[in-house]
Amino acid sequence: MSENTLPLEIERKFLIALPDAALLEDKSVQRLDIAQVYLRAGVSGAGRRIRRIRSGAEERFFYTEKTRVTAVTRIEREHEISAAEFEALLSERDEALRTIQKTRYLVPFEGHTLEIDVFPFWHDRAFCECELQSEDEPLPLPDWLHIYREVTADPRYTNRALARAVPDDTL
């Protein structure tokens, strides 16, 4: 498979002030409750995780492998799995990493879908992530979003790093 056909995730991430819950509900088109479990590294060395995603009464499960290419781009292989496969894969969990619980709000904005992730361990901040078509694609952000800083290249702010330790830096 050539690099042009690899399943790439090109994403920028921002540390933002925690938006008002009513504003998020108003701006979003969907709310997802996500439990993300990290697995021990596989033979390829890729980061592996499983997710349970709930949206209303619907529950879906996914297996994902990611390999970093640059700070913004990763090779991402993901597919849906059954509840039984999810349960079986829990035996491969990385015990050094806690399960990440988050609520994701999908917010359409100027041709993009912003993913606002709210975590139970933060009461003053959240993430805003957005997938792009290329690393140099412009990313407009709404003026109601208060951005502290971009954390795309900061390894402390990957979800995997948060599963190990939550940064206690001041804003």
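A pocket here is an open set of points on a 1 Å grid over the protein atoms alone, with protein on both sides within 12 Å along at least five of seven lines, and its lining residues have an atom within 4 Å of a point. Volume is the space filled by probe spheres set on the points, which are joined across faces, edges and corners.

This is a predicted model, where local features need pLDDT of at least 70, side-chain atom pairs count only at pLDDT 80 or more, and totals for chains, interfaces and linings use all residues. Residues are numbered from 1 along each chain as its sequence is written, and side-chain values use heavy atoms, leaving out hydrogens and water.

**The pocket**

So how much space lies in the largest pocket? About 760 Å³. Its lining takes in 39 residues, and E9, R49, R51, K66 and E76 lie nearest the centre. Several elements give two or more residues to that lining, including β1 (8–17), β4 (58–68), β6 (100–109) and α3 (159–164); helices (H or I, at least four residues) and strands (E, at least two) are DSSP runs numbered from the N terminus. Strand β3 hands over the largest share, 7 residues.

By class, the lining splits into 22 charged, 9 nonpolar and 8 polar residues. For that tally, Asp, Glu, Lys and Arg are charged, Ala, Val, Leu, Ile, Met, Phe, Trp, Tyr, Cys and Pro are nonpolar, and the others, Gly among them, are polar.

**The salt bridges**

Side chains of opposite charge can pair when their charged atoms come close. The rule for a salt bridge is a side-chain nitrogen of Lys or Arg within 4 Å of a carboxyl oxygen of Asp or Glu, and the count comes to 18. Here are some of them:

| Pair | Closest N and O atoms |
|---|---|
| K66 and E9 | 3.1 Å |
| K102 and D117 | 3.3 Å |

K66 sits in strand β4 and E9 in strand β1, 57 residues apart. E9 is buried at 4% relative accessible area (buried is under 20%, exposed over 50%, partly exposed in between, with a 1.4 Å probe and protein chains only).

Then there's D117, in strand β7 (residues 112–118); K102 lies in strand β6, so their pair ties together parts 15 residues apart in sequence. R104 is also in strand β6, 13 residues from D117. How accessible is D117? Its relative accessible area is 0%, which makes D117 buried. R104 counts as buried too, at 6%, and K102 is likewise buried.

These pairs join up: K13, K102, R104, E115, D117 and E129 are linked in a network of salt bridges.

Note on methods: On a 1 Å grid over the protein atoms alone, a cavity is a set of points where a 1.4 Å probe fits but cannot get out, and a pocket is an open set with protein on both sides within 12 Å along at least five of seven lines; lining residues have an atom within 4 Å of a point.
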